[in-house]
Amino acid sequence: MSSPREGHKLLEVRDLRVHFPTEDGVVKAVDGSSFALDRGETLGVVGESGSGKSITFLTVMGLINRSSARISGSVLFEGEEIIDASAARLRDIRGKRIGMIFQDPMTSLHPMHRVGDQIAEVVLTHTGASKKEAARLAVESLAEVGMPSPETRARQYPHEFSGGMRQRAMIAMALVLKPSLLIADEPTTALDVTIQAQILELIDELKEKFNIGVVLVSHSLATIADVSQDVMVMYAGRPAELGARDQVFQDAQHPYTWGLLESVPRPDVRVERLIPIDGQPPSLITLPPGCAFSPRCRHVRPECTAAVPELRDRGSGHLDACIIEPDEKTRLREERLAALEAGA
Amino acid sequence: MTEPTTTPDATPGATVTADVPLVRARGLVKRFPITRGVVLQRAIGHVHALAGVDFDIYAGKTLGVVGESGCGKSTAARIVARLLEPTEGTIEFEGRDITTLSRRQMVPLRRTVQVVFQDPYASLNPRQSVGQIIAAPLRVHGVEGDRRKKVQELMAQVGLNPEHFNRYPHEFSGGQRQRIGIARALALEPKLIICDEPVSALDVSIQAQVLNLLGDLQRERGLAYMFISHDLGVVRHVSHRISVMYLGSIVENADRDALYDNPRHPYTVALISAAPTGERGARTRRLLLAGDVPSPAAPPPGCTFHPRCPKARLVSGDPAEVPERCRTERPVLTDVGEGHQVACWYPIEKGDAEKMMEIQASEITLEGDPELGVAQTEGLTDAQPRPDDLVDGGTGL
């Protein structure tokens, strides 16, 4: 389990806040996020646009410009505090200790350089390896991610690759120096369904093989369901729910998670009418008082708007930020599922 | 390819005779030339976007079209909207052939077919107010009457506040913008709306709102939809009948539940298997396909799916071997009962899905290295396009 607890974690984030002052007010993109991750684990992070999921991990990687943002809290990576680390130290960590892949592999690869050279550049930047050695590692890394004929592929340009192959090349680049943490931000969103399945499977295989920690950021609960040990659901810059995969999927505790699980049309079961989450996500400048989800919540009560709810442990490391008592929630959830059944 | 199709609610086995579909497409072929040279744009090959597809769309019903990028689903939609001309084939609208109508003759028909696009940011003019955007079709087609009143009625119908007609698109969220696009499509009271990935750009919690709206409008107005999507969950939710496309051809046609409960084409099986369900978080076993979709400029001979097909390996009993028929003869859509059609020489039988999972995608090899996929230039010579489809036999992509 990845709930904050004592011991040496691969990544431990505590009370992370990232605020962007703008002319219209302060955008609270991340407003109190805490979680942890071990080697060999995958943490799936789910949220809609503006939930703070991407900003959280850009901050972890030190990719948020400190002159435009107010950052507070703690980011412990392999026991080292990196939230205020120097730019040089962060550059060293990125690429070497933390690998990253992003949604669109076409814009992440330089169109005018050979794929192999781009991967080799990571090696040359971070180690004292020779050009020849770097090129050899690049080919090896391409082979590692299941690229057929890696020697030929290394000499080709990104436009000669299909979408799935480009994402494999990105993964090869992220993992060429055998980092301990891989952060994948929507790695399959731009890909076709059958290729998505291949890439998720690949990430999972590599996680086992190299015993690395993986953060999988996605807007879709279904995408992360398969390969995550732990799941964090984010809403308006804060975790709404955090727990082991089965806890979150089978015994969801936050009404926002319920809404996500209920509103998505599924290929395996059909309902007559979907149950959407009403309204829109809130503005991050003027967050609603108390629980940020309360204006959209069907079970809202006066106490909900009194104070920002804390993440509370419901036992065995399953945390949620809803003040409704567990017994009552069990009842509400059963009612909702019954309503869903009736529609099916 | 011209077997009669049944309506979604037809009795099993019955074919359509009396019931004229709203849209009847037959043998649609679309080839885009690949040109080289600046002045004399010599065609050096073709992208085979559509390789002969048939489909029917019925009033008040939804035809869902699923497939991966490059399968031709958007091309088919554009041809139905007459935004593209087919290279071959015919489109009938309410029994009347509209393939050869002139631009002017098309004008009254354009009112009956409208389109809702994927990206609600790119499909609305940022410099026009919502009122102007929704009224645009009324203006273009010279519809008389109180346009503002009409616009406000439309806004109310799609769940927008009618008082906001003077606002601009940037003042609305993605979901609201898609409602604006839907209101614009409804303005001329069309019979058919082509929805090209209408919810793909929206957040999960907003998708359901828009899908419910589309469902309500269909019930209230008897609208027909041609619904293009890559999301199998969404397609199952909205469709009455579904066509699965692969590399320019329809490989399977079936009523909604029949397709998901009893898919007969190996590609459909793989597509459904690959779609994440979030089934209570359980780890499900997936049928992984080897490699990528081949280039539509050089589709493989025979069945276009054969280089990736796990069923072909099951039939041959060897992961490196494909039955000769799959490699040489192109299968046509054949009725397998109850209006279920499949274009496969060896349709899926009970128990095949499990057996296909035994064949690891990594073991699948054929004629060198088909896994190299779309952009592999050397590989293109392996796949032989039919000679008559090419201007000078080139395959330059």
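Buried residues have under 20% relative accessible area, exposed ones over 50% and partly exposed ones a value in between, using a 1.4 Å probe and protein chains only. The views show a predicted model, in which local features need pLDDT of at least 70 and side-chain atom pairs pLDDT 80 or more, whereas totals for chains, interfaces and linings use all residues. Residues are numbered from 1 along each chain as its sequence is written, chains are lettered from A and ligands numbered from 1 in the order in which they are written, and side-chain values use heavy atoms, without hydrogens or water.

**Glu153(B) in helix α4 of chain B.** Glu153(B) belongs to helix α4, residues 147–157 of chain B, where helices (H or I, at least four residues) and strands (E, at least two) are DSSP runs numbered from the N terminus. With a relative accessible area of 39%, Glu153(B) is partly exposed. Between Glu153(B) and Ala298(B) there are 145 residues in sequence and 50 Å in space, taken from C-alpha to C-alpha. As context for this view, chain B contains twelve helices and twelve strands, and 57% of its 397 residues are buried. Chain B exposes about 16,600 Å², of which carbon and sulfur atoms supply 50%; the areas come from the Shrake-Rupley method with a 1.4 Å probe. Of the contacts (heavy atoms within 4.5 Å) in chain B between residues at least 6 apart in sequence, 69% join residues at least 24 apart.

**The enclosed helix α9 of chain B.** Helix α9 of chain B spans residues 266–274, and nine of its nine residues are buried, so the helix is largely enclosed by the rest of the structure. The buried residues of α9(B) include Pro266(B), Tyr267(B), Val269(B), Leu271(B) and Ile272(B), and also Thr268(B) and Ser273(B).

**Aromatic rings around Tyr267(B).** Over all chains the structure holds seven aromatic pairs, a pair being two rings of Phe, Tyr or Trp (its six-membered ring) with centres within 6.5 Å, called stacked when the planes are under 30 degrees apart, edge-to-face when over 60, and tilted otherwise. One of them joins Tyr246(B) to Tyr267(B) in a tilted arrangement, with 4.6 Å from centre to centre and 55° between the planes. Tyr246(B) is in strand β9 (residues 241–246) of chain B and Tyr267(B) is in helix α9 of chain B, so this pair ties together parts that are 21 residues apart in sequence. Tyr246(B) counts as buried at 1% relative accessibility, and Tyr267(B) likewise counts as buried, at 0%. Tyr267(B) also forms an edge-to-face pair with Phe305(B), with 5.3 Å between the centres and 65° between the planes. Because Phe305(B) lies in the loop between α9 and α10 (310–316) of chain B, while Tyr267(B) lies in helix α9 of chain B, the pair ties together parts that are 38 residues apart in sequence. Phe305(B) counts as buried, at 1% relative accessibility.

**The open sheet of chain A and the helix packed on it.** Eight strands of chain A make up an open sheet with mixed pairing, in the order β6-β7-β8-β3-β9-β10-β12-β11; strands pair when DSSP finds at least two bridges between them. At the edges stand β6 (98–101) and β11 (312–313) of chain A, each of which pairs on one side only. Two bridges join β11(A) to β12 (residues 319–320) of chain A, and these strands run antiparallel. Asp313(A) stands opposite Leu319(A) in β12(A). Helix α11 (residues 255–263) of chain A packs on the sheet and touches β3 (42–46), β9 (230–235) and β10 (238–244) of chain A, its direction making about 100° with that of β9(A); axes are lines fitted to C-alpha atoms, for helices over the stretch in contact, and angles run from 0 to 180 degrees between N-to-C directions.

**Strands β1, β4 and β5 of chain A.** Strand β1 (residues 11–22) of chain A runs antiparallel to β4 (residues 70–77) of chain A, and seven bridges join the two. His19(A) has Arg70(A) of β4(A) as its bridge partner. Strand β4(A) is also joined by two bridges to the antiparallel strand β5 (residues 80–81) of chain A, where Glu80(A) is the bridge partner of Phe77(A). β4(A) and β5(A) form a hairpin with two residues between them, and Glu78(A) in the turn has a positive phi of about 50°.

**Ala36(A) in strand β2 of chain A.** Ala36(A) lies in strand β2, residues 25–37 of chain A, and is buried, with a relative accessible area of 0%. Its C-alpha atom is separated by 6.9 Å from that of Lys9(A), although Ala36(A) and Lys9(A) are 27 residues apart along the chain.
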